[in-house]
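Here is a short tour for anyone meeting this structure for the first time. Have a look around before reading on.

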Amino acid sequence: MTRRERKSIQRCGWAEGDPLAGDPLMRAYHDEEWGVPLHDDRKLFEFLILDGAQAGLSWRTILNRREGYRKAFHQFNARRIAAFGPRDVARLLRDPGIIRNHAKIRSAIQNAGAYLRVQKEWGSFDRYLWSFVKGKKIIHRASSYRDLPVTSPEAQAMSDDLRRRGFSFVGPTICYAFMQAAGMVDDHLIGCFRTRARRRVY
């Protein structure tokens, strides 16, 4: 897609309206990732950590630090993260490329271990996560964000089970945002050009 085409197409308001207008990271994320079904375990783990890091912040803030997270967390290699110790935590608390919040850093390490246990039990993190939507993308058809939920029964079930398995920063609202990022839920608004690219996942 050319720069002119990117500027002329209609998107969901959060990607091209208000103060975010013209933000290339937000536009690219909206156009190429948000609502697109994702089945790569490491990418799913990345989004789970990033969505947890977003708590209390804007997604724009997290996107601007995404490369910093990838560098600091070894491209989201869960085995390496699960082995982090006090020196790694201290290093991360000094890293301006990520959100330097002790609880969120400890959560990422804790979640890496829980992720590895789920992989071992289910064969893949992908299989486990998509079981909450029975392998099918949930599509909402709304013309306004006022008509969209901020959580769902599926997100609540995911949150409850993740917590039971030792994950943290995985409340139902965070899980719903994660489901949007991973394409388990498609909340592109009617009129957005992405609605034409919708596909059901089986």
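Which residues does Ser-107 touch, not counting residues up to four places away in sequence? The answer is Ser-168 and Phe-169. Keep in mind that this is a predicted model. Ser-107 itself lies in helix α9, and with a relative accessible area of 4% it counts as buried, because the cut-off for buried is under 20%.

Staying with α9, we can look at how it meets another helix. Helix α9 covers residues 102–122, and its axis comes within 10 Å of the axis of α4. The two axes cross at roughly 150 degrees, so α4 is roughly antiparallel to α9, given that angles over 145 degrees count that way. The crossing of α4 and α9 is right-handed. On the α4 side, the residues that meet α9 are Asp-41, Arg-42, Phe-45, Ile-49, Gly-52, Ala-53 and Gln-54. Their partners in α9 are Lys-104, Ala-108, Asn-111, Ala-112, Tyr-115 and Gln-119.

Phe-45 and Tyr-115 both belong to one aromatic cluster. The cluster also takes in Tyr-69, Phe-73, Phe-76, Phe-84, Trp-122, Phe-125, Tyr-128, Phe-132 and Phe-167.

A pair of aromatic rings is described by the distance of the centres and the angle of the planes. Here are two of the pairs:

| Pair | Centre to centre | Angle between planes | Type |
|---|---|---|---|
| Trp-14 and Trp-34 | 5.0 Å | 75 degrees | edge-to-face |
| Tyr-128 and Phe-132 | 5.2 Å | 85 degrees | edge-to-face |

Why is the Trp-14 and Trp-34 pair edge-to-face? Its planes are at 75 degrees, and angles over 60 degrees count as edge-to-face. This pair links distant parts of the chain, 20 residues apart. Trp-14 is in helix α2 (residues 13–16), while Trp-34 is in the loop between α3 (24–32) and α4 (41–54).

Are Trp-14 and Trp-34 buried or exposed? Both are buried. In the other pair, Tyr-128 counts as buried at 1% relative accessibility, and Phe-132 counts as buried at 16%.

Methods. Residues numbered from 1 in each chain as written. Predicted model: local features only at pLDDT ≥ 70, side-chain atom pairs only at ≥ 80, totals over all residues. Heavy atoms only, no water. Phe/Tyr/Trp six-rings, centres within 6.5 Å; stacked < 30°, edge-to-face > 60°. Helix = DSSP H or I, 4+ residues; strand = E, 2+ residues; numbered from the N terminus. Buried < 20%, exposed > 50% of the residue type's maximum accessible area, 1.4 Å probe, protein only. Axes fitted to C-alpha atoms, helices over the stretch in contact; angles between N-to-C directions. Parallel < 35°, antiparallel > 145°, perpendicular 65-115°, else oblique. Left-handed = near helix turned anticlockwise from the far one by under 90°. Contact = heavy atoms within 4.5 Å.
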